[in-house]
Amino acid sequence: MKTTIYEEDGKMIAAFEGRLDTAAAVLCAQDVEPLNNTDKDIVLECSNLSYISSSGLRIFLNIRKNAATKGKKVTVKNINDEIRKVFQMTGFMSLFEIA
């Protein structure tokens, strides 16, 4: 699992690559820590994310919660069909803007 954070077009981008499972979630949570301190909108780029576990969903939810306290929005981009099904089953489709 690889997480890359960068700024583009005035937004913070977190690009995820691989499987965001329970084993990878601890390191991923550390990798996305800079997003908790930003005053910019956030994009979670998931085109290379193949799987997300409940631990990964918790990371996404924490990112959203921290952004909301600052009045910022979080957009999830390019989820595959499997992740889309997980988002639908868990109600995450209504929590995030999906692009």
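Leaving aside neighbours within four places in sequence, phenylalanine 60 of this predicted model is in contact (heavy atoms within 4.5 Å) with Phe16, Leu20, Leu44, Cys46, Leu49, Ile52, Val76, Phe87, Phe92 and Phe96. Phenylalanine 60 is placed in helix α2, where helices (H or I, at least four residues) and strands (E, at least two) are DSSP runs numbered from the N terminus. With a relative accessible area of 0%, phenylalanine 60 is buried; the classes used here are buried for under 20% relative accessible area, exposed for over 50% and partly exposed in between, with a 1.4 Å probe and protein chains only. One of its contact partners is Phe87, and the C-alpha atoms of phenylalanine 60 and phenylalanine 87, which are 27 residues apart along the chain, are separated by 11 Å.

Phe60 also belongs to the largest nonpolar core, which has 26 residues and in which Phe16, Leu44, Phe60 and Phe87 have the most contacts. The elements that contribute two or more residues to this core are β2 (11–20), α1 (22–31), β3 (42–52), α2 (54–69), β4 (74–77) and α3 (81–90). A nonpolar core is here a set of buried Ala, Val, Leu, Ile, Met, Phe, Trp, Tyr and Cys residues joined through side-chain atoms within 4.5 Å. In soluble globular proteins, nonpolar side chains tend to be buried together. When residues up to four places away in sequence are not counted, leucine 44 touches Ala14, Phe16, Leu35, Phe60, Ile63, Val74, Thr75, Val76, Lys77 and Phe96. Cysteine 46, in strand β3, is buried at 1% relative accessibility, and with the exclusion of residues up to four places away it touches Phe16, Phe60, Val76, Lys77, Asn78 and Ile79. Between cysteine 46 and aspartate 21, which are 25 residues apart in sequence, the C-alpha to C-alpha distance is 14 Å.

The protein chain as a whole comprises four helices and five strands, and their order along the sequence is β-β-α-β-α-β-α-α-β. For 99 residues, a compact globule would have a radius of gyration near 13 Å, and the 12 Å of the protein chain agrees with this; the radius is taken over C-alpha atoms, and the globule rule is 2.2 Å times the number of residues to the power 0.38. The C-alpha trace spans about 30 × 25 × 20 Å along its principal axes. Among the contacts with a separation of 6 or more, 66% are made by residues 24 or more positions apart.

Of the 99 residues, 38% count as buried. The protein chain exposes about 5,500 Å², of which carbon and sulfur atoms supply 47%; accessible areas come from the Shrake-Rupley method with a 1.4 Å probe, and for residues only the protein chains shown count as cover. There are 13 positive and 13 negative side chains, and the centres of the two sets lie 5 Å apart. In this count Lys and Arg are positive and Asp and Glu negative, whereas His and the chain ends are not counted, and the place of a charge is taken as NZ of Lys, CZ of Arg, CG of Asp or CD of Glu.

Two residues other than glycine have a positive phi. Aspartate 9, for which phi is about 50 degrees, is located in the loop between β1 (2–8) and β2 and counts as exposed at 73% relative accessibility. Asparagine 78, with phi near 60 degrees, is located in the loop between β4 and α3 and is partly exposed, its relative accessible area being 38%.

Threonine 69, in helix α2, is exposed with a relative accessible area of 64%, and its C-alpha lies 20 Å from that of aspartate 31, at a sequence separation of 38 residues. Glutamine 88, in helix α3, counts as partly exposed at 49% relative accessibility; its C-alpha atom is separated by 26 Å from that of glutamate 33, 55 residues apart along the chain.

Residues are numbered from 1 along each chain as its sequence is written, and side-chain values use heavy atoms, with hydrogens and water left out. As the model is predicted, local features need pLDDT of at least 70 and side-chain atom pairs count only at pLDDT 80 or more, whereas totals for chains, interfaces and linings use all residues.
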